[in-house]
Amino acid sequence: MGILAFLILGLIAGAIAKAILPGTQGGGWVITLVLGVVGAILGGWIGSLVFGGGLGDFFDLRTWLLSILGAVIVLLIYGAVAGRRTRA
């Protein structure tokens, strides 16, 4: 998968993760892109540990599910860290 496809995958996975989790998450499309790319990397790493294979092709269902799962995990961590900063 090329860099452009990976960025598009990250942006869409980040947007889906923001739609899945309730609440209002801050940040615009740049934060969503970073969240999705980091989530895709994390999801690929988890997939390689659990299933023996990470991210595949752009149109592979496993790639999308792992990317969205990773983005949800990263969004939860981001919300916990950002939530602590506003309370302090």
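Does Ser 67 count as buried or exposed, and at what relative accessibility?

**Entry 1: Ser 67**

I looked up Ser 67 and found it in helix H3. Ser 67 counts as buried, because its relative accessibility is 0%. I used these limits: buried means under 20% relative accessible area, exposed means over 50%, and partly exposed lies in between, with a 1.4 Å probe and protein chains only. Leaving aside neighbours within four places in sequence, I listed the contacts of Ser 67 as Leu 9, Ala 13, Gly 39, Ala 40 and Leu 55. A contact means heavy atoms within 4.5 Å.

**Entry 2: The model**

I noted that this is a predicted model, in which local features need pLDDT of at least 70 and side-chain atom pairs count only at pLDDT 80 or more, while totals for chains, interfaces and linings use all residues. Residues are numbered from 1 along each chain as its sequence is written, and side-chain values use heavy atoms, with hydrogens and water left out.

**Entry 3: The whole protein**

I recorded three helices and zero strands, and the pattern along the sequence reads α-α-α. Helices (H or I, at least four residues) and strands (E, at least two) are DSSP runs, numbered from the N terminus. I then compared the radius of gyration, 13 Å, with the value near 12 Å that a compact globule of 88 residues would have, and the two agree. This radius is taken over C-alpha atoms, and the globule rule is 2.2 Å times the number of residues to the power 0.38. Along the principal axes, the C-alpha atoms fill a box of roughly 40 × 25 × 20 Å.

I also noted that 36% of the 88 residues count as buried. The accessible surface comes to about 5,400 Å², and 73% of this belongs to carbon and sulfur atoms. Accessible areas come from the Shrake-Rupley method with a 1.4 Å probe; for residues, only the protein chains shown count as cover. Among contacts with a separation of 6 or more, 60% join residues 24 or more positions apart.

**Entry 4: Helix H2**

I followed helix H2 through residues 29–50, which is 22 residues. From its first C-alpha to its last, H2 reaches 30 Å, close to the 32 Å expected at 1.5 Å a residue. The expected span is 1.5 Å times one less than the number of residues. The buried residues of H2 include Gly 36, Gly 39, Gly 43, Gly 44 and Gly 47, and also Leu 33 and Val 37. Just after H2, I found Gly 52 with a positive phi of about 80°.

Trp 45 is also in H2. With a relative accessible area of 52%, Trp 45 is exposed.

**Entry 5: The nonpolar cores**

Which residues make up the largest nonpolar core? I listed nine: Ala 13, Ala 17, Leu 21, Leu 35, Ile 68, Ala 71, Val 72, Val 74 and Leu 75. Helices H1 (3–20) and H3 (61–87) are the elements that give two or more residues to this core. The largest share, five residues, comes from H3. A nonpolar core is a set of buried Ala, Val, Leu, Ile, Met, Phe, Trp, Tyr and Cys residues joined through side-chain atoms within 4.5 Å. I noted a second, separate core of seven residues, including Leu 9, Val 37, Ala 40 and Phe 58.

I returned to Leu 75, which lies in H3. Leu 75 is buried, with a relative accessible area of 4%. Not counting residues up to four places away in sequence, Leu 75 touches Ala 17, Lys 18, Leu 21, Gln 25 and Leu 35. Leu 75 and Phe 51 are 24 residues apart in sequence, and their C-alpha atoms are 23 Å apart.

**Entry 6: Charged side chains**

Side chains of opposite charge can pair when their charged atoms come close. How many salt bridges does the count come to? I found one. The rule asks for a side-chain nitrogen of Lys or Arg within 4 Å of a carboxyl oxygen of Asp or Glu. Asp 60 forms a salt bridge with Arg 62, and their closest N and O atoms are 4.0 Å apart. Asp 60 is partly exposed at 28%, and Arg 62 is partly exposed at 36%.

**Entry 7: Two further residues**

I found Ile 12 in helix H1, where it counts as partly exposed at 37% relative accessibility. Ala 82 is in H3 and counts as partly exposed at 25%. The C-alpha atoms of Ala 82 and Gly 26 are separated by 9.0 Å, although the two are 56 residues apart along the chain.
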